[in-house]
Amino acid sequence: MGTKTVDETGVKTDDEKTVKAEEEAATDQTVGEAGEAEDAAADTDDGTAPQAAAGGAVEKEGSTGVGQGAAAVVSAGLGIVSLTGSWVGTVASARESLIGQLETSSSSNVGTLIEKGYGDAWHATALWGGAFALVALIVGVVVLARPAFGAPGRPQAPWIKSVSWAGVALGVIGLLLAVLKYTDILLGLPSTG
């Protein structure tokens, strides 16, 4: 049997019943807070869902666009490389130049020497610049098109769009210059005849 005490209202109560009532009230309050947190998670518009933690509600982060941002920066970087040249393009150019020198002899005519020694190297540089430009263009377009295939209602950050457009623009310019260099429209080989 429990002991009888007087509560704040002046009514005699059983101690065990009072402790049980207080525990039930605390449990009801905890369950109510958890239900409110679940309701808040269901009502969020931005895709983040709050979770109940010991110290309070903590919001769960959704997709932050880090991958899209990185891809946008890669696109712009590749576009710049396509315009300025790359180590791979330099090595390919030097290799073609060396092969051209080995294939020609000192008795070859000047046109053959220029074509094999410099023309092939110039075309190798144009090909590698065009390859970098094409990859920059593709990556930029994929980043810009990604929201259409992702979660609707989650807008892409403006800086990601800007950098992606820069990558696309640099890719188009680099590709155009590569085609013009490869076809000898831009800075073609000198005429020997």
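**Helix packing and a nonpolar surface patch**

L187 is found in the segment after α5. Helices (H or I, at least four residues) and strands (E, at least two) are DSSP runs, numbered from the N terminus. L187 is exposed, with a relative accessible area of 63%. Here buried means under 20% relative accessible area, exposed over 50%, and partly exposed in between, with a 1.4 Å probe and protein chains only. The C-alpha atoms of L187 and W122 lie 9.5 Å apart in space, and the two residues are 65 apart in sequence.

The model is predicted: local features need pLDDT of at least 70, side-chain atom pairs count only at pLDDT 80 or more, and totals for chains, interfaces and linings use all residues. Residues are numbered from 1 along each chain as its sequence is written, and side-chain values use heavy atoms, with hydrogens and water left out.

The protein contains five helices and four strands. Along the sequence their order is β-β-α-β-β-α-α-α-α. The protein has 193 residues, of which 22% count as buried. Its accessible surface comes to about 13,000 Å². Carbon and sulfur atoms account for 63% of that surface. Accessible areas come from the Shrake-Rupley method with a 1.4 Å probe; for residues, only the protein chains shown count as cover. Contact means heavy atoms within 4.5 Å. Among contacts between residues at least 6 apart in sequence, 65% join residues at least 24 apart.

L187 belongs to a nonpolar patch on the surface, together with L83, I173, L177 and L186. The five residues have about 410 Å² of accessible area together. Patches are made of residues with over 30% relative accessible area and no salt bridge; like charges are joined within 9 Å, and nonpolar side chains (Val, Leu, Ile, Met, Phe, Trp, Tyr) within 5 Å. L83 is found in helix α2, residues 66-84. The relative accessible area of L83 is 36%, so this residue is partly exposed.

The segment after α5 (158-182) also holds D184. Phi of D184 is near 65°, a positive value in a residue other than glycine. At 30% relative accessibility, D184 counts as partly exposed.

Helix α2 has 19 residues. From first C-alpha to last, α2 reaches 27 Å, close to the 27 Å expected at 1.5 Å a residue. The expected span is 1.5 Å times one less than the number of residues in the helix. The buried residues of α2 are G69, A72, S75, A76, L78, G79 and S82. Their cover includes α4 and α5. T84, also in helix α2, counts as exposed because its relative accessibility is 64%. T84 and G174 are 90 residues apart along the chain, yet their C-alpha atoms are separated by 9.1 Å. After α2 comes G85, with a positive phi near 100°.

Helix α4 spans residues 110-149 and has 40 residues. Its first and last C-alpha atoms are 56 Å apart, close to the 58 Å expected at 1.5 Å a residue. α4 bends by about 35° at G119. The bend at a residue is the angle between axes fitted to the seven residues ending there and the seven starting there. A131 also lies in helix α4. A131 is partly exposed, with a relative accessible area of 33%. The C-alpha atoms of A131 and G174 are separated by 9.1 Å, although the residues are 43 apart along the chain.

Helix α3 covers residues 87-103 and includes S97. S97 counts as buried, because its relative accessibility is 15%. Leaving aside residues up to four places away in sequence, S97 touches G117 and A121.

The structure holds one salt bridge. A salt bridge is a side-chain nitrogen of Lys or Arg within 4 Å of a carboxyl oxygen of Asp or Glu. The side chains of R95 and E96 form this pair, at 3.9 Å from N to O. R95 counts as exposed at 53% relative accessibility. E96 counts as partly exposed at 24%.
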